[in-house]
Structure formats: C-alpha cells, structure tokens
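Please examine the structure shown here with its sequence. The paragraphs that follow lead through selected parts of it.

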Amino acid sequence: MKVGVITLFPELMDGALEHGVIGRARTKGQLELELSNPRDLTADKHRTVDDRPFGGGPGMVMTPAPLSAAIVSLKEAMPEAPVVYLSPQGRPFDQAMARAWQAHGSVILVAGRYEGIDERVIDRLVDEEVSLGDFVLSGGEFAALAIIDAVTRLEPGVLGDPLSAEEDSFGIEGLLDCPHYTRPEVYENQTVPAVLMSGDHKAIARWRRQQSLARTRDRRPELLEKADLTKEDKVFLTSLGPSDGN
Ligand SMILES: CN1CCN(c2ccccc2CNc2ccc(C(N)=O)cn2)CC1
C-alpha cells in the first residue's frame, strides 16, 4: 500500500506511524508512506503557506500555489492514486471506502490546516472530499492517520491472523463486534460467560454471533438493514425483547 500525505506537520505523521502494527508494516515495506510539506515548496523568504480570506472573516486560508505544488509532486510519484481531501464537508468515511483504497493500492491524502484550503485547489486537483464524522479537528492530520490505519490493516500480511481484519466490527458484513474476555477468569468478583469456558466451539461461535446481532440492534439498528443475515440470525433477532439500548 502506498500512501501520500500533504501536511504542514510531517513529523507528527511520521511519529504517529512508527508504532505497533502500522510501524511494522512500514518496516516490512507493506506500507510506503510519502510525505510532502507545502512549506518546502514556497517561493518566498518567509515560506508563507497561508493568507487572509477574500471577503473577510476569521482565520487564514491555505494558499493555492505551495499546496498545489505539494499535491503535484506526490501525483508524479503516485500517478494512479486518487487525491482525497479530509474535511468536515466530505463524504463519510467507512470500511467499504477503506477496502476500496486498499484494493486500489495507493491514495494521496490532503490534510488541511487553518480554516481550510483555497477552493481552486479542490476544483483542480482533488478527486474526493472525505469526512471522518461530524466533528471539527484543528487539522486533517489525525483524520489522515485514522484512514491510514484502517486501510493498512486490510493489507494482506499486516495482521498476524487475517481473520481478525474480517472479524473487526464492520468486518462481519457490518455487524458490531461481540464482547471479549481474557484472564483472570474472575476479576473484581465478575466472571466470564460460561459458554466461553465450555470448549464447545460451535456454541461459542453461536454466542458471539448472537452478541454481535443483539449489540448491533441495540446500538446501531440502521446497520442491520445493510447486513446479510441468515435465517437463524433473523429467528434470533425476533426472539429478542424490546431493545434496552445497550
Ligand atoms: C478550526 N478549523 C480547523 C480546520 N478545519 C478544516 C476545514 C477544512 C478542511 C480541513 C480542516 C481540518 N479539520 C478537520 C478535517 C477533517 C475533519 C473530519 N471530520 O474528517 C474535521 N476537521 C475546519 C475548522
């Protein structure tokens, strides 16, 4: 997987992607990260990357020239990669998008700062505007990091057990994950569901599936509409009483 990121804070991106699963994927060459800083592509002495907004108003806007130069430099290195701008105005990011970008093999992410970027850069160079959710961040970097993590996990060989990428929430046809337990068997007088201690793998799989179904119905019923449920799933769901919301 090749990921390009345009950011004014390359060290922030680098540092956050040196650890754990993602750090190992970089070491193993499963994830290639290419960063481009618009400040390095400025022409003036003060290395200016922002300016006041036309029409007035608070804050600053990222100027088009250095930002465009940074995007073009990564497009040259990754000509097939879609250019994705992270912003609250974007299409909601989801697991399907992560799978699509992993399958495509490369993506260029534009992390905005200030009040945003000059619209002419979006018109000319951005293929897609994407949002992590309805909230505001100081910059697009943390949104880019979340996307890089979600996409890299799907790269074959990155996760020890390939099934766990599938078993993540939204991996099992979009159902929420079941509860997890580990040692000690009794913790603060709380025990572990007996079925998990039974060694009956069929019963354990059924319990986990039913927990996922019940949780999804209680917390995110709209996801159930999109999930492809078996007959047994549907029988179980009808057997549940009114949702307790947890
Ligand atoms: C104070 N301003 C900071 C800059 N910001 C802004 C505006 C436009 C583009 C990028 C940003 C960077 N912020 C992001 C980015 C993504 C998300 C998301 N939901 O994916 C939330 N926030 C607007 C607000």
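Where does threonine 63 lie? Threonine 63 is found in the loop that joins strand 4 (61-62) to helix 3 (64-77); helices (H or I, at least four residues) and strands (E, at least two) are DSSP runs, numbered from the N terminus. This is a predicted model, in which local features need pLDDT of at least 70, side-chain atom pairs count only at pLDDT 80 or more, and totals for chains, interfaces and linings use all residues. Residues are numbered from 1 along each chain as its sequence is written, and side-chain values use heavy atoms, with hydrogens and water left out.

Threonine 63 has a relative accessible area of 17% and is therefore buried, a term that means under 20% relative accessible area, with exposed over 50% and partly exposed in between (1.4 Å probe, protein chains only). Apart from its neighbours within four places in sequence, threonine 63 is in contact (heavy atoms within 4.5 Å) with Thr48, Val49, Asp50 and Asp51.

Helix 2 (residues 20-27) has Ile22, Gly23 and Ala25 as its buried residues. Viewed down the axis of helix 2, these residues fall within an arc of 160°, so they line one face of the helix; the arc is that of the directions from the helix axis to the C-beta atoms. The buried residues of helix 2 pack against helix 6 (141-152). Just after helix 2, glycine 29 adopts a positive phi of about 75°.

Leucine 240 is located in the segment after helix 10 (231-239). With a relative accessible area of 23%, leucine 240 is partly exposed. Neighbours within four places in sequence aside, leucine 240 is in contact with Ala214 and Arg217. The C-alpha atoms of leucine 240 and arginine 217 are separated by 9.6 Å, and the two residues are 23 residues apart along the chain.
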